[in-house]
Amino acid sequence: YLGLPLDTGQIVSIETFVAEYNRASKGISTPLDNTFLHREQELQELQEAILQNDFIILTGAPGIGKTKLALEGINNFLSVNLSFRAYCVSYKHHTLLDDLYQYFDSEKDYILFVDDANRIDAFSQITGFYKGTRKGKLKILITVRDYAFQDIGILCQEFSPRRLDLAKFSDEQIIDIIKAQPFEILNPDYHKEIVRIADGNPRLAIMTALLAKAHQDIYALADVSDLFE
């Protein structure tokens, strides 16, 4: 009735997005503030894609590292392109348009990060907002699971999106990740078992590393059902 804007908390800074993501993982699963490793080439490709395109879609299997790469790419882009600010969608099943109009000045340049776009039923509001009249630039970086790409691809088709696919990590790269902070799994016996379970997927590697650290017992890794529990 008062005509005041209502902030539903769905447009957040990168720092808030990372904090909410980590909190939702409940101390297990995959934190976003761990060391960034072994995506240097993909990071360079992403930098160029953001520079040259308004819509960029990162695809890959669940847990392959799409969110981590996207945030790293945005931060690197912002460090060079100082006119841009970045926001992330922290979707909470409310209308997005009011928040978008509240946070985005039509005169300024922005990057909007939309993680797991296939889970956002209000995604068409984002594309509709992009079509609005503005003098500033608006770039939208999207992650979507490979099996759900077709639906998002159709919704973005008119914007000629640039698609980047993420592949599995090698065994050596997985070992580097679990040896780095904050996991610091240094025992080669653990490496062999974690590599077997992860099969190139960094999320599974990190979850297994955290399980190993919590139990301090390699036999805890023998039953992968513990990991899912």
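At what angle do the axes of helix α7 (residues 171-179) and helix α8 (residues 188-198) cross? They cross at roughly 115 degrees and come within 10 Å. Axes here are lines fitted to C-alpha atoms, for helices over the stretch in contact, with angles running from 0 to 180 degrees between N-to-C directions. Helices (H or I, at least four residues) and strands (E, at least two) are DSSP runs, numbered from the N terminus.

The model is predicted: local features need pLDDT of at least 70, side-chain atom pairs count only at pLDDT 80 or more, and totals for chains, interfaces and linings use all residues. Residues are numbered from 1 along each chain as its sequence is written, and side-chain values use heavy atoms, with hydrogens and water left out.

In the contact (heavy atoms within 4.5 Å), Asp171, Ile174, Ile175, Ile178 and Lys179 of α7 meet His191, Ile194, Val195 and Ala198 of α8. The loop between these two helices holds proline 182, and the peptide bond from glutamine 181 to proline 182 is cis, with omega near 5 degrees. Serine 160, in the loop between α6 (149-156) and β6 (162-165), has a positive phi near 50 degrees.

The largest pocket has a volume of about 900 Å³. Its lining comprises 36 residues, with Tyr21, Thr67, Asp115, Asp116 and Arg203 nearest the centre. Elements giving two or more residues to this lining are α1 (14-24), α3 (66-80), β5 (138-145) and α9 (202-215).

Confidence is expressed as pLDDT, the predictor's value for each residue, from 0 to 100. The chain averages 89, and 95% of the residues score at least 70.

Where pLDDT is low, the predicted coordinates should not be read in detail.

Technical notes:
1 Å grid on protein atoms, 1.4 Å probe; cavity = no way out; pocket = protein on both sides within 12 Å on 5 of 7 lines; lining within 4 Å. Points joined across faces, edges and corners; volume = space filled by probe spheres on them.
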